[in-house]
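Open your viewer and get ready to click along. Each stop on this tour tells you what to select and what you will find there.

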Amino acid sequence: MNTVYVDYKATDEVRRKRLYEGQLFVISPRPSTIALCEFAKSMIKEAFGSIDPLEAQYHMPVEQYVAIVTPLKPKFIHHPETKKLLRELVCDCGCNLEETYIDVPRLRMVTSHGYLTAGVGYAHHPHRDTWYSAPMAQLNWWLPIYDIESENSMAFHPAYWPRAVKNGSAEFNYYEWNSEGRKNAAQHIKTDTRKQPKPQEAMELEPQVRLIVPAGGVVLFSAAQMHSTVPNTAGRARYSIDFRTVNLADLRAGVAAPNVDSHPVGTSLRDFVRGTDAAPMPEDVVQKYDNATAAEGVLVYKPS
Ligand SMILES: [Fe+2]
């Protein structure tokens, strides 16, 4: 990884190729990205009422904060307006919706100075999303909803793009994670006991790269990119949206980022739906990437 492309004029195909090579892309705020962030902001504001969401942690016990944000997350994720705005954003940013599959957007909050560090406010340790069963062709889109500072941003660790890290991904089973992990997230306030794939060796987190984009700007990166949540010391919460895309032609052709150290069980591919009409990911494509049914004793995913 050596390049950050800012508002670079390239086809989606060229952009994907460079993302698979470990480069980063930044897209400045534009009407479609601002619209999604503004919608999220309106829901956040509504949830917190008269309290400033950025400083809410100074006005309530952490249990109350959790009680507010826990229902907010699924409400945002599943709102029809969110889905519509997301499709428009992906199309507006140059993707062909016929072959681009999108998963649901996540709404995340990272409070300051360790007020809430577990469960719904989990601050991510250094990881690749591919440790969590993301396909190697997955691309991550990340947007801050409010302006951020370096002190409450996210960090990339570019030295690890080609460098393997001893990690716990081989013990991670995506289907078990889905059936147990996420539904219990709200119960984790002080500590987080969910079994996550973590580095199993000391890591060198410097040099690191933090991209400070304005609210509504997009950071686009490969799921194989090593990244982490910067411990928030900005004095105010960070709220962000992230979602993922995959390109069907790339999945069929096996075009993706290189896999240096990801060995999870299962695949998150069934979470993605076609950009045009929300059709599910074709099962023959999923099967190409699903190693779960081959493993003995593994909980086999039943699509709902
Ligand atoms: Fe991540």
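Select helix H3 (residues 62–78) and helix H4 (residues 80–92): their axes come within 5 Å and cross at roughly 55°. Helices here are DSSP runs of H or I with at least four residues, strands are runs of E with at least two, and both are numbered from the N terminus. An axis is a line fitted to C-alpha atoms, for helices over the stretch in contact, and the angle, from 0 to 180 degrees, is taken between N-to-C directions.

Now show the side chains where the two helices meet. Phe76, Ile77 and His78 belong to H3, and they meet Pro80, Thr82 and Lys83 of H4; contact means heavy atoms within 4.5 Å. Sorted by type, the residues of this contact are three nonpolar, two polar and one charged. In this sorting, Ala, Val, Leu, Ile, Met, Phe, Trp, Tyr, Cys and Pro are nonpolar, Asp, Glu, Lys and Arg are charged, and the others, Gly among them, are polar.

A word on what you are viewing: this is a predicted model, where local features need pLDDT of at least 70 and side-chain atom pairs count only at pLDDT 80 or more, while totals for chains, interfaces and linings use all residues. Residues are numbered from 1 along each chain as its sequence is written, and side-chain values use heavy atoms, with hydrogens and water left out.

You can count seven helices and 10 strands. Of the 304 residues, 54% are buried; buried means under 20% relative accessible area, exposed over 50%, and partly exposed in between (1.4 Å probe, protein chains only). Among contacts with a separation of 6 or more, 85% are between residues 24 or more positions apart.

Next, select the iron ion. Which residues are its protein donors? They are His127 (NE2), Asp129 (OD) and His227 (NE2), lying 2.2 Å from the ion. Donors are N, O and S atoms within 2.8 Å of the metal (3.2 Å for Na, K and Ca), and water is not among the atoms, so sites may look incomplete. Along the sequence, the donor residues follow the spacing H-x1-D-x97-H. The two histidines link distant parts of the chain: His127 is in the loop between strand S4 (106–110) and strand S5 (139–144), while His227 is in strand S8 (residues 227–229), 100 residues apart. Both His127 and His227 are buried.

Is Ser133 buried or exposed? Ser133 has a relative accessible area of 3%, so it is buried. Setting aside neighbours within four places in sequence, Ser133 is in contact with residues including Phe172, Tyr174 and Pro264. His113 also sits in the loop between S4 and S5, but His113 is exposed, at 57%.

His113 is worth a click for its backbone too: its phi is positive, near 50°. Asp7, in the loop between strand S1 (4–6) and helix H1 (12–20), has a positive phi of about 50° as well, although it is not a glycine. Then find Glu206 and Pro207, joined by a cis peptide bond with omega about 0°. Pro207 lies in the loop between helix H5 (174–181) and strand S7 (218–222). Most residues other than glycine have a negative phi, and most peptide bonds are trans.

Now look for the largest nonpolar core, which has 55 residues. A nonpolar core is a set of buried Ala, Val, Leu, Ile, Met, Phe, Trp, Tyr and Cys residues joined through side-chain atoms within 4.5 Å. Select Phe48, Tyr65, Trp141, Ile145, Tyr239 and Met281, which touch the most other members. A second, separate core of 12 residues includes Tyr132, Tyr160, Phe172 and Met203.

For the last stop, select His263, in the loop between helix H6 (248–253) and strand S10 (273–274). His263 counts as exposed, at 51% relative accessibility. His263 and Ala170 are 93 residues apart in sequence, yet 4.7 Å apart in space, C-alpha to C-alpha. Leaving aside neighbours within four places in sequence, His263 is in contact with Ser169 and Ala170.
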